[in-house]
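Here are my notes for a first look through the model. Open it alongside and follow the points in order.

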Amino acid sequence: MPSDEPASPDILRLPARPVSLPPPEDLALAALASPPLRDALGLARWCGPATPVCPRGLPGTADVRDAVRECGLWPRGLEDHPRRRRRWLDGLGPASGVEEFVRPWRTAVRLGLVELGAGNAHPARGLEEHARSPDRILAWWSQVFQDGVEQDQDPRCPSGADALLPRALRLLYEAPDGARTPLEALTGADRPAPGPGREDPDPASDRLLRSLWRLTGTGAVVVGRHGPGTGDGSRPFWARLTGLGRFGVRRILLAVGVPAPLTEDLAGAGELLDALGALAPEGRLCSFDAWLEQRTPALALREIAEAVRGPGRAQRRWTGAKVLDTTSSELVPDLWSLLGSGEPTAVGLAASVLLSSGMLARHEVDRIMDRHGALVVIDMLAAALDPDEANLRAFLTAECTEGIEELILDDVDRLRADRHPDTVPVLEAIGRQHPDPGVAATARRAVERLASPS
């Protein structure tokens with residue numbers, strides 16, 4: 001039986017679960033409201049038509065004061081204190097020392113919102129037109145977000161070795177929509193015990209918390225607390241991605257070659273099942289729930305049954321049975337009806353879901369296994385097939401599935417009557433891979449009998 005767990009433990013490289021995103025126009029509005037892009041765009045407009053700059057590309061002190069006032073670039077805590085703001089503004093020195101100005105100014109230059117040349121700075125050509133384009137706005141914001149992610153990599157680690165923040169962002173991406181994920185779940189380890197014996201002054205959870213707090217400024221992440229802090233120093237923080245954050249993480253995943261489909265691109269059941277087949281159970285169920293929201297369970301069953309019809313679609317049937325398990329209580333009458341359809345792949349799918357539902361009486365289980373058990377076994381074995389048939393070898397030799405092939409080898413006439421499209425490939429594979437030569441020979445003879453006229 002195929003494993004529910006992905007083959008690779010590296011979550012950063014596995015295909016991502018399908019997600020939904022807000023419309024581009026809504027994402028662009030959220031991006032424009034994020035402080036880094038808002039302030040950079042404000043400075044780009046402020047510097048027009050031209051502002052003198054020094055060889056380092058920075059305006060003079062008087063212009064910096066004007067920019068701070070016009071764009072509201074006040075230090076944190078001074079926003080509502082006019083008198084303290086005036087004192088701070090009067091005490092400003094060279095622009096290079098005014099972090100509140102330099103940070104968004106450098107961002108504006110890096111994004112191409114401000115152009116430097118001939119001792120002057122001026123807004124980029126076509127700035128206002130570009131500032132009305134959702135695609136251009138999201139490209140600007142994505143660069144800001146990417147810079148923020150890269151900035152928070154630990155400089156003490158070799159390039160690519162510090163995956164704490166990327167892994168956390170990927171876990172947040174995989175979480176159900178709106179879910180608040182505890183900080184410790186994002187680090188992959190429990191928080192070290194507090195107290196005098198604590199040796200590490202900077203545990204992973206603390207470092208990750210600082211990284212996520214910084215990213216909240218981009219509008220990508222929300223960080224909060226489940227409740228008040230406790231006396232032992234524990235910090236019950238949680239985090240979640242916003243729609244803009246999910247957009248940014250998806251863009252990073254695509255850039256490094258990780259498949260990251262959108263739910264709306266998987267409107268068909270076949271495409272959905274193909275995408276879900278590579279996911280861990282949690283991601284599979286989250287994605288199916290989003291797909292199921294757009295249809296009734298009965299309609300979902302009909303679409304899945306159609307998508308798994310035909311040869312070579314055993315993986316779809318296996319995944320389809322797994323996701324239908326989550327809503328099987330609402331589908332019992334439809335599943336029994338599907339058992340009588342006569343279409344072998346649909347019958348096998350319905351039988352698998354009913355048998356795993358836990359809602360059948362013993363006599364009902366026996367009835368299904370007696371009439372349709374061979375279809376279920378063929379689907380199980382076909383789903384275990386891979387190019388080198390290693391999964392099938394492991395399946396046939398596993399203690400929990402020992403002898404399962406007898407359910408299909410004992411009655412070749414039933415196999416002929418069932419007409420399952422994957423029967424012959426499964427029997428041929430058993431003939432090649434079964435460790436018992438006698439069983440392998442029986443499987444090969446069954447193939448010959450199926451090939452002969454009735």
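1. Let's start inside, with W105. At 0% relative accessibility, W105 counts as buried, where buried means under 20% relative accessible area, exposed over 50% and partly exposed in between, using a 1.4 Å probe and protein chains only. One thing to keep in mind throughout: this is a predicted model, in which local features need pLDDT of at least 70 and side-chain atom pairs count only at pLDDT 80 or more, while totals for chains, interfaces and linings use all residues. Residues are numbered from 1 along each chain as its sequence is written, and side-chain values use heavy atoms, with hydrogens and water left out.

2. What does W105 pair with? A search of the whole structure turns up 6 aromatic pairs; rings of Phe, Tyr and Trp (its six-membered ring) pair if their centres lie within 6.5 Å, and planes under 30 degrees apart count as stacked, over 60 as edge-to-face and the rest as tilted. W46 and W105 make an edge-to-face pair, at 6.3 Å centre to centre with 80° between the planes. That pair links distant parts of the chain, since W46 sits in helix α2 (residues 35-46) and W105 in helix α5 (residues 99-110), 59 residues apart. Helices here are DSSP runs (H or I, at least four residues), as are strands (E, at least two), and both are numbered from the N terminus. W46, like W105, is buried.

3. The other ring to look at is F101. Its centre is 5.4 Å from that of W105 and the planes are at 20°, so the F101 and W105 pair is stacked. Both residues belong to helix α5, 4 residues apart, or about one turn of the helix. F101 counts as buried because its relative accessibility is 0%. Put together, ring pairs link W46, F101 and W105 into a cluster.

4. In one of them, the side chains of R103 and E99 meet at 3.1 Å, N to O. R103 and E99 are 4 residues apart in helix α5, so about one helical turn separates them. Buried or exposed, or in between: where does R103 fall? R103 counts as partly exposed, at 48% relative accessibility, and E99 is also partly exposed, at 42%.

5. D379 is buried, with a relative accessible area of 6%. R317 is buried too, at 3% relative accessibility.

6. R449 and D413 give another example, their closest N and O atoms being 3.6 Å apart in a salt bridge. Distant parts of the chain are linked here as well: R449 is in helix α23 (residues 437-451) and D413 in helix α21 (residues 412-418), 36 residues apart. R449 is partly exposed, with a relative accessible area of 42%, and D413 counts as partly exposed at 46%. Elsewhere, salt bridges that share partners join R17, D177 and R246 into one network.

7. Patches are made of residues with over 30% relative accessible area and no salt bridge, with like charges joined within 9 Å and nonpolar side chains (Val, Leu, Ile, Met, Phe, Trp, Tyr) within 5 Å. R83, R84, R86 and R87 form a positive one. Of these, R84 is found in helix α4 (residues 82-90) and is partly exposed, at 40% relative accessible area.

8. Which residues gather in the patch of negative charge? They are E399, E402, E406, D410 and D411. E399 lies in the loop between α19 (390-397) and α20 (406-409), and E399 counts as exposed, at 74% relative accessibility.

9. A last stop is F237, which has its place in strand β6 (residues 237-241). F237 is buried, with a relative accessible area of 7%. The C-alpha atoms of F237 and S205 are separated by 9.6 Å, and the two residues are 32 residues apart along the chain.

Definitions and conventions. Areas by Shrake-Rupley, 256 points an atom, 1.4 Å probe, with all protein chains shown as cover. Salt bridge = Lys/Arg side-chain N within 4 Å of Asp/Glu carboxyl O. Lys, Arg positive; Asp, Glu negative; His and termini not counted. Charge placed at Lys NZ, Arg CZ, Asp CG, Glu CD.
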